[in-house]
Amino acid sequence: MPERGTLTRCPAPCRRLCAGKGRGRPQPSSPACQLRSPPGTVPSPGSPAAATEPKQWACEAPSLSSSPLPSLLHVSAPLAAGPGEAGSPPGGAGASVQRSALTLLDPGTPLLSLPDPPAPPGSTAASRPSRCSPPHSAPREPVPGAPSPAVPMLLLRKLPGMPGWPAALGLRLPQKFLFLLFLSGLLTLCFGALFLLPDSSRFKRLFLPRRAAAAGDPDLPRSPPAAAEPRHASPAAPRRLRDKLRAAARLGAPPAHTAASAGGSPQQVQPGAGGAEAGTDSAPAAPRQTRAPFGFDYETFRRSLRHPVLGRGGGEEPKTRARRLKIREMMKFAWDNYRRYAFGKNELRPLTKNGHIGNMFGGLRGATIVDALDTLYIMELGEEFQEAKSWVEKSLDLNVNGEASLFEVNIRYVGGLLTTYYLTGEEVFKSKALELGEKLLPAFNTPTGIPRGVINLGSGMSWSWGWASAGSSILAEFGTLHLEFLHLTELSGNPVFTEKVMNIRKVLNRIEKPQGLYPNFLSPVTGNWVQHHVSIGGLGDSFYEYLIKSWLMSDKRDTEAKKMYNDALEAIEKHLVKKSAGGLTYIAEWRGGILDHKMGHLACFSGGMIALGAEQAAEERKQHYMDLAAEITHTCHESYARSDTKLGPEAFRFDSGTEAVATRLSERYYILRPEVVESYLYMWRLTHDPKYRQWGWEVVKALEKYCRVEAGFSGIRDVYTTTPSHDNMQQSFFLAETLKYLYLLFCDDDVLSLEDWVFNTEAHPLPVNHTNLKAKASVQ
C-alpha cells in the first residue's frame, strides 16, 4: 500500500469539483482531494525522492470506482499552489497555470488526475489516510503549447457522489437560478411555437430556407420567381407568371400547368421556342405590357346597360334631394380631411389628424382612395375624383412585399379598380386590377385549390391566419372571390381566374354539409370541415351573398349558384332562424348543434340578401321570403333604436330576458359599419316602403351627432352612452359602403339600377352580363 500524501489545497481546476462551494477546501460531503505519489513508489517523508518525484492531485467520488462509465476525464498540468503550501513551484503563489489537453482514461480512473510539478528541495508532505485510491495508469505528460480551456462539463446528468452539472460549471445559487430560468423560457418558446403555429408549413418557414422548405413539403405554397431574388436582379422575374397567363390567353386555351421547382419558380414554355424555358436567364426579358392582349369592347358593354349609370334625374321631392345633398356633404367632409391629413395612407385617424397604414393590405397604400373612387364618381364630386385618379396613376405601387389579406385586397382594391373602370372606361384602372389579380393567384396553390387567407404579394407565399382553427381557410374569405374573378376573366380573356373560383364550388359540392349548413372553417389541405361553427355573420356572411349575386350577375344563367343559395337558405331557415318572445326574428349561430342566440351587425346584410333572392323565387315562396327579409331588417333596426345613440352595437343577443341589445362590454362598439343601411337600400328599392328611407335618415342624424368630429368621422366604443368615446379611426368602408348606400337610398331607382349592377360585399357595383361580352370582344 503506497504511503498517502498530505491533504492540501485543491488546485484551481479541481477545486470546484472537489470542494463543492469553490472555497479551496474539501467539504465533508465532497469528494476527497489529496496530494499523492505515483503508483509503485513509497517515498519516506523528508527523503529526496519525496521532493523530486512528480505528484498527482487526485479527486474521486467514493462510488466512481464501480461506475459503469466507459471513460473519465484526465487533466495533467503544472499548477500553482497556495502560498506556503507543499508543492509550490518556483515563483510561489500567483504563478501562471498551464493546463494540458484533455484526455480520456480507462474505466475506473479517478474523475480528475493532475500531476504536480516537482516540489522545491527540502519540502515534505505529511501523510494521512484518504479515500482516494491510486490511479490505474501513469499520468500523461503535458502537451507543450496546448490551449488552456476551462474544465468542460462532459456529464450532464448528476452522478452519485458528484454535484449536478450546474454546480460543475461553477455557478453559484443566483447564477443557477438565472440559468434554469433561461432554459425553461427557451423550452417554453420552442414548444409554444410547435403548438400555436397553425400548420407545419409555417413552422418550416421559421427554421428552413425558403427554397428548402418549399422543396421538402409538397403542401407548401409555391412562390413566384420574385420570391427568390431581388426585383432589380431580374427585371423579367416579377412578370413571368403574368406573361404565362397572357400567352395562354392569346392561344385561346387554359394556361399550362405551373410546375414549381425547388425554388418555387413556375416554368413557361412558349410556342416556337423549341421547348426552351421562357423564364430562364438566357431568354431575353419580354417588354413590359401595359395592356392585356385581350381586348374588352367597352363601348359594347356601355350599350348593353338598360339604364344610364347616374340615372335620368328629375321628378324628385325637394326633401329627398336635400337629404341626398346632406349625405354628399358628409362624403366631401370625410374625403377633404383624409386628403388633408392622411392622403396616400390607408385610413385617417381623425382625432390625432394623421394617417394609418395597418398590416392588412400587404404594403399596399391608399385603401381609402381606391375604396372611395366610385363613391366620388357617383356623387359627382368631379374635382375630388380627379385627385384620386391621379394618385392611382402615379402613386399606386403594386410591387410590394408584404403579408396581405386575400379577402380584403380582393373586395377593396380589385373590386374598387374594376368598378371604376366600368364606370369611366379609363385603362389605368383595368390594368391595375388585372396586375393585382394575378398577384393573388399563388394563394390557390394548395392540394385542394382552396386558397389560404394570407398572401405575400411580393413572394407569392401564402398561409392561413394564425387564429384560424388548425390552419383552416375561412368560408367568407374563399367564398367571396367569385364576382371579382369572373370580371378579371372578362377583361383579360384568361380563364384561369374563373377556373380558380369554379374549383372552389366543386370542392364545396363534393363534401358533406352538416344539416345542409356550411361551417366557417375548411382545411385547404384535406378539403374537410375543421369545426362545425355556422354563422351568417362574421366568418360566413358574404359567402351566401355571393351565391345569389353570382346568379344575378350572370343574367340568371348560373343555375348552380342559384341551387346552392336555395339549399343553403332552406337549411338556415330550418335550423338558425328563430323568433324571440317579443316577436323579433333573428338568425342565431350554430356550434355543433348548439344554438348561440346572438346576431352580429355583420349578419344584418341578410335582410337585403333574402329580399334580392325573393324576387327570383317561385311565386308561392316569393312573399314568404319578402316577409322574412322585412322581419330581419326590422330586428336590425331595433338594435339601433334601443341604443342611446341610435346606432347599432357590434352584436346583440336574445337571452336572459334581453332582446336586440348587447349584453357584453366587448360587443357595444360601432365602427361605422354599413350592413343595416345596406338592407334599408334593398328593401326600399324592392318595396318602396317609406319607413326604410326614414330609418336611413335616422342613421344620418346619429352619425352627425355622435361620430362626426373636427377632422372626419370616427367610430365609438359604446353605443349605450350619449357621451361616447371615439376610436380614432375613419374606416375606408365608411366612404365605400355606408355613405354610398345612404346616398343611393335617396336617389332614383335608375341610379346604379339593380337591373344592370350587382354590388360586391364592399359596395363596389359590378355590371350584370346582359350579353356574352366575352364572345363579342376581339383579340388584338
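Predicted model: local features only at pLDDT ≥ 70, side-chain atom pairs only at ≥ 80, totals over all residues.

Residues are numbered from 1 along each chain as its sequence is written, and side-chain values use heavy atoms, leaving out hydrogens and water.

**Stop 1: the core.** Select Tyr 544, Leu 647 and Leu 703, which touch the most other members of the largest nonpolar core, a set of 158 residues. (Such a core is made of buried Ala, Val, Leu, Ile, Met, Phe, Trp, Tyr and Cys joined through side-chain atoms within 4.5 Å; buried is under 20% relative accessible area, exposed over 50%, partly exposed in between, with a 1.4 Å probe and protein chains only.) Now zoom in on Leu 703: beyond four places in sequence, its contacts include Met 330, Tyr 670 and Phe 734 (contact is heavy atoms within 4.5 Å).

**Stop 2: a helix pair.** Show H12 (residues 406-424) and H13 (residues 427-440), whose axes come within 8 Å and cross at roughly 155°. (Helices are DSSP runs of H or I, at least four residues, strands E, at least two, numbered from the N terminus; axes are lines fitted to C-alpha atoms, for helices over the stretch in contact, with angles from 0 to 180 degrees between N-to-C directions.) Among the residues making the contact are Tyr 413 and Leu 417 of H12 and Phe 429 and Leu 436 of H13.

**Stop 3: two lysines.** Pick Lys 353, where phi is near 55°, in the loop between S7 and S8. Then jump to Lys 556, with phi about 65°, between H17 and H18. Lys 353 is partly exposed at 30%, and Lys 556 is partly exposed at 42%.
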